[in-house]
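Subject: Structure handover

Hello,

Here is the structure for you to look over. Please open it alongside this note.

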Amino acid sequence: MPKIRRMSLTQELVDLCFRDETDPGPPPSWQPMTEEDYASLTDRLTQEVGDGPLWIFAYGSLIWKPGFDSIASRRATAFGWHRSFSLRIERGRGSPTQPGLMMVLSRGGRCDGVIYRVADDEKRMQIEKALRREVSNRDSLTSMRWLPVRTEEGDTVRALTFWVGGNSQRLIRPLLPLHDVAPVLARACGHRGSCAEYLYNTVVHLSDFGIHDRNLWRLQELVAEEIKVLHAQTSIREHA
């Protein structure tokens, strides 16, 4: 598939955002998932799949780092939802002193992404692997659902989707405009990397499937501009 035009947010700019951060651990208010929780939820979702195929819809990091195994992938569109950086994080790609934002699906518009099919004889195993990657605490449970998505061929399939809607206390409402999101992504970094890296990888890997998200494209331009300004100011201070 043809690549999208040259990005403003380059690997070199992303590298400027990296810094060593220690893992602060989960916030005291979190209610972590227990082994019993994972087993019960895995059983429920496996029963809901039944004898039909298991598809998982990816719109962000699941595209380039799924954490589960699949046997096929296809482009697909979720109508009535769009990508938004509206999940506040203080761990992973953010910190308590410099919180970051991660991507979720919010109401309205459309989201072009990728669906991955799981082998029929591995449904339970792969569901549990996906859950352990995406659902680390009870706060996340309301953001998981089955979405109808339409493939390029025109058929509609039901796909398991994470971080879509929900009532997590970490969700920011109303949604922030892109010019307010960009400064956060340019600054936030945690023990797993920076928010700028997350945005960069998402845009790059979407392009591998021929997907161009207009909002993400504008956002990467804004983040690139913000990083340049930040590090220009740093250079001036260092040489003052």
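Below is what was found in it.

This is a predicted model, in which local features need pLDDT of at least 70, side-chain atom pairs count only at pLDDT 80 or more, and totals for chains, interfaces and linings use all residues. Residues are numbered from 1 along each chain as its sequence is written, and side-chain values use heavy atoms, with hydrogens and water left out.

Helix pair

Helices (H or I, at least four residues) and strands (E, at least two) are DSSP runs, numbered from the N terminus. The axes of α2 (residues 35-49) and α4 (residues 123-134) come within 9 Å and cross at roughly 130 degrees. That makes α2 oblique to α4. (Under 35 degrees counts as roughly parallel, over 145 as roughly antiparallel, 65 to 115 as roughly perpendicular, and the rest as oblique.) Axes are lines fitted to C-alpha atoms, for helices over the stretch in contact, with angles running from 0 to 180 degrees between N-to-C directions.

Contact means heavy atoms within 4.5 Å. On the α2 side, the contact residues include Tyr 38, Leu 41, Leu 45 and Val 49. Among their partners in α4 are Arg 124, Ile 127 and Leu 131. The residues of this contact divide into seven nonpolar, two polar and six charged. Here Ala, Val, Leu, Ile, Met, Phe, Trp, Tyr, Cys and Pro count as nonpolar, Asp, Glu, Lys and Arg as charged, and the others, Gly among them, as polar.

Largest pocket

A pocket is an open set of points on a 1 Å grid over the protein atoms alone, where a 1.4 Å probe fits, with protein on both sides within 12 Å along at least five of seven lines; lining residues have an atom within 4 Å of a point. The largest one holds about 1100 Å³ of space, a volume being the space filled by probe spheres set on the points. Of its 38 lining residues, Ile 89, Arg 91, Met 102, Arg 133 and Arg 192 are the closest to its centre. The lining has 19 nonpolar, nine polar and 10 charged residues.

Most residues other than glycine have a negative phi, and most peptide bonds are trans.

Best wishes
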